[in-house]
Amino acid sequence: ADLRAKRERYKGVLEQVRLRKSQMTQRLLESKTGQNTIELKIDEENKNLIHVKELLSKIDSAGKELESNNESVQNEIIRFSKVVSELQMKYQSESAKLTSLKDLAEKYDGYGIAIKKVMETRDRIGGIHGVVADIVRTSKKYETAIETALGGRIQNVVIDSENTAKVLIDYLKKNRFGRATFLPLSAMKNSTFSNTDFLKEKGVVGTASELVEYDNVYKNLVGSLLGRIVVIDNIDNAIAFEKKFAYEYRVVTLDGESLSPGGSISGGAFKGAGNLLGRKREIDELEISVSELLKNYTQANDKVEALKAERNSINAKLEEKYGVSLNKEEEEGMESIVVKVTVPRYI
């Protein structure tokens, strides 16, 4: 009975051992399966790591390219900003000079008091065209010769008719403003040479009326003032010319000498550096220059603003991880991987 009991007990122990063996075998199989899974996971993660390195390489490359672009744009900003500054300074200088000259011209600075007073009535009394210096234009090369040819007549007041002259003379008398000479267009007669063979002579530049520009309405006026005056390049040629033609012509040289019929010669240094015709020409030139400077300044300034916008765009890309992002498949394959990139701020 005792042996039977032990046998039954050992049978139970044997069943437990078999069961435990079965469980251990199962665990061993599961362990081997898990090991394979882990190895597969490791292989997968290694692939992901390689992919991450490739992305980082792309980021680095994109960042360097953006940095290079940023530096290039910044250099362009500096260069164009300097151009803008220089244009602005020149524009302000030229504009101030133009304003000053216009102010002098509007106030008829350099003219007699009577002329100034007459020109002040321009808006009240009709028919005033301006002084002769306002009517004719010439190149810098001929300014001295033309001003010499005109002499005091350069300050004569051009008006439409004799009636306007009467009104203005009465105005000057009543107010004791002095005297002025008026040139009514209705009374002007064009005066030219009938024989122009002399134009072939040595040093002859032309007649004074041919060397000026004017509106067609003043053709008779300009002919009357300058039509019979010969312009010659220098005084030696002028003297030779007058001797040959027995001092028949009124002659002026480019340097301002004047030879009159009869033999008198005038010349010497001009007082002051400027002249009335030169001031008008300078105003015209400055107006063109100021307009061009303003145009160039605006274009250069717009270029600077465009470059700044481009620089801001580059900086925004740098802020956004150099503009590199993962596509959908890459995101699904890298759910467990977090990549952080520190991007420097560029100014």
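Which helix does Ala 300 lie in? Ala 300 belongs to helix H8, which covers residues 276-319. Please keep in mind that this is a predicted model.

**Ala 300 and its partners**
- Ala 300 counts as buried because its relative accessibility is 7%, and the cut-off for buried is under 20%.
- Setting aside neighbours within four places in sequence, Ala 300 is in contact with Phe 80, Val 83, Val 84 and Leu 87.
- Between Ala 300 and Leu 87 there are 8.7 Å from C-alpha to C-alpha, although the two are 213 residues apart along the chain.

**Helix H4**
- Helix H4 runs over residues 143-150 and is mostly covered, with seven of its eight residues buried.
- Among the buried residues of H4 are Ile 146 and Leu 150, as well as Glu 143 and Glu 147.
- After H4 comes Gly 151, which has a positive phi, near 60 degrees.

**Nonpolar cores**
- The largest nonpolar core has 44 residues, and those touching the most other members include Ile 146, Leu 150 and Phe 182.
- Another core, of 11 residues, lies apart from it; Val 204, Ile 232, Phe 241 and Leu 259 are among its members.
- Beyond neighbours within four places in sequence, Leu 150 makes contact with Val 132, Val 136, Leu 225 and Leu 226.

**A surface patch**
- Tyr 10, Val 13 and Val 17 make a nonpolar surface patch of about 300 Å².
- Val 13 sits in helix H1, residues 2-106, and counts as partly exposed because its relative accessibility is 42%.

Terms used:
Residues numbered from 1 in each chain as written. Predicted model: local features only at pLDDT ≥ 70, side-chain atom pairs only at ≥ 80, totals over all residues. Heavy atoms only, no water. Buried < 20%, exposed > 50% of the residue type's maximum accessible area, 1.4 Å probe, protein only. Helix = DSSP H or I, 4+ residues; strand = E, 2+ residues; numbered from the N terminus. Patch = residues over 30% accessible without salt bridge, like charges linked within 9 Å, V, L, I, M, F, W, Y side chains within 5 Å. Areas by Shrake-Rupley, 256 points an atom, 1.4 Å probe, with all protein chains shown as cover. Salt bridge = Lys/Arg side-chain N within 4 Å of Asp/Glu carboxyl O. Core = buried A, V, L, I, M, F, W, Y, C linked by side-chain atoms within 4.5 Å. Contact = heavy atoms within 4.5 Å.
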